[in-house]
Amino acid sequence: MKIVFAGTPDFAVAPLQNIIDNGFEVVGVITQTDKPQGRKGILTPPPVKTLAQKYNIPVLQPEKIRDEIEAVRALQGDIMITCAYGQILTQGVLDAFPMGVWNIHAGLLPAYRGASPIQSCIVNGETETGVSIMKTELGLDCGDVLYVEKTAITPTETYGELSEKLSRIGAEAIVTALKMLQSAEYSLMPQGGEGVNVVRKINKEHAKIDFFKTVKEIVDLVRGMNPAPVAYTELDSNKINVYLAEKADLTEAEKEIFTTATIGEILSDNPKRGLLVKCGDGALRILELQAAGGKRMKGGDFINGRKAQKGQVFSC
């Protein structure tokens with residue numbers, strides 16, 4: 001079984017590595033083009049390309065894969081495995097592989113089809129997610145499912161942490177799936193029409209904190225936006241990025257202040273208590289934040305630096 005692997009970011013590195021480590025023949029890697037990185041704009045290869053070059057695996061980097069069907073066919077792969085590749089595949093690409101194209105999807109289907117299954121499940125307050133190995137069809141994440149590996153989401157897990165975990169799970173899941181396909185001893189699970197949901201791509205505009213929401217909703221938003229695009233708010237028209245937050249239990253004195261405070265108001269100027277903010281159903285403690293142009297710091301240090309004072313109000 002000759003495998004062509006299509007993937008781009010760090011998330012796809014562990015799956016490709018595990019495929020190689022388990023002795024499968026990878027005859028080619030398809031990835032996105034090199035991109036400028038950093039302030040100096042240094043042209044940098046995708047992480048998957050770097051790994052492929054380590055093993056002298058041929059690499060294709062088409063601007064648009066739909067225009068490079070012959071180059072894809074020339075790799076002579078029996079099967080394609082995709083993992084966060086970043087381009088939509090056409091029927092011509094799907095037809096190039098006798099054993100089909102199979103995707104490592106970082107979410108449970110059909111509830112989390114689409115571009116942001118990891119972030120969205122955290123923002124939605126889910127306690128479970130997983131990796132689905134599915135057959136790629138022309139529709140969006142609608143193909144039959146071959147194999148699923150589930151995992152719990154911890155109450156404090158961030159988008160970055162869950163991504164790393166799912167990458168490791170995906171690495172094991174795809175090897176299991178390849179062995180099933182190789183032996184031809186498997187059955188596919190149609191997704192069906194119930195519970196279908198497509199999650200949109202997450203942009204910065206989706207990361208703004210609304211303090212009228214519940215504490216849990218805000219905490220989940222902060223977790224789901226860390227490390228990118230990062231949840232944010234504004235204080236005196238200055239943008240504030242929020243990286244970590246939790247539910248706060250108030251003292252009796254703080255409860256009195258809470259009753260008359262407005263939504264988004266800072267409830268305490270005691271740095272030992274942290275940066276407490278009134279929300280829709282309680283108080284939020286901002287644990288780690290960053291003012292525009294500044295360094296990331298703890299909420300207490302933010303108060304110590306007189307960047308925030310009791311009675312000030314974050315924008316909603």
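Where is the place of Pro110? Pro110 sits in the loop between β7 (101-105) and β8 (113-114). Helices (H or I, at least four residues) and strands (E, at least two) are DSSP runs, numbered from the N terminus.

## Model and conventions

This is a predicted model: local features need pLDDT of at least 70, side-chain atom pairs count only at pLDDT 80 or more, and totals for chains, interfaces and linings use all residues. Residues are numbered from 1 along each chain as its sequence is written, and side-chain values use heavy atoms, with hydrogens and water left out.

## Overall layout

The protein chain has 9 helices and 16 strands. Its C-alpha trace spans about 70 × 50 × 30 Å along the principal axes. Of the 316 residues, 50% are buried. Buried means under 20% relative accessible area, exposed over 50%, and partly exposed in between (1.4 Å probe, protein chains only).

Contact means heavy atoms within 4.5 Å. Among contacts with a separation of 6 or more, 65% link residues 24 or more positions apart. The chain exposes about 15400 Å², and carbon and sulfur atoms supply 49% of that area. Accessible areas come from the Shrake-Rupley method with a 1.4 Å probe; for residues, only the protein chains shown count as cover.

## Nonpolar cores

A nonpolar core is a set of buried Ala, Val, Leu, Ile, Met, Phe, Trp, Tyr and Cys residues joined through side-chain atoms within 4.5 Å. The largest one holds 39 residues; Phe5, Ile81 and Ile174 touch the most other members. Helix α6 (residues 159-183) gives the largest share of this core, 10 residues. A second, separate core has 28 residues, including Leu221, Ile240, Val242 and Ala308.

Beyond its neighbours within four places in sequence, Ile81 is in contact with Ile3, Val4, Phe5, Ala6, Trp102, Ile104, Ile174 and Leu178.

## Helix α7 and its cover

Helix α7 (residues 215-224) has 8 of its 10 residues buried, so it is largely enclosed by the rest of the structure. The buried ones are Val215, Ile218, Val219, Asp220, Leu221, Val222, Arg223 and Gly224. Their cover includes α5 (117-123), α6, β12 (231-235), β13 and β15 (283-291).

## Backbone exceptions

Most residues other than glycine have a negative phi, and most peptide bonds are trans. Leu109 and Pro110 are joined by a cis peptide bond, with omega about 5°. The bond from Asn226 to Pro227 is also cis, with omega near 20°. Pro227 lies in the loop between α7 and β12.

Val230 is in the loop between α7 and β12. Its phi is positive, about 80°, although Val230 is not a glycine. Val230 counts as buried at 6% relative accessibility. Ser237, in the loop between β12 and β13, has a positive phi near 70°. Ser237 counts as exposed at 68% relative accessibility.

## Cysteines

A disulfide is a pair of cysteine sulfur atoms within 2.5 Å. By this rule the count is 0 disulfides. The sulfur of Cys83 is 16 Å from the closest cysteine sulfur, in Cys121, so it is too far for a bond. For Cys279 the closest cysteine sulfur is in Cys316, at 8.4 Å, again too far for a bond. Cys83 is buried at 0% relative accessible area, and Cys279 is buried at 1%.
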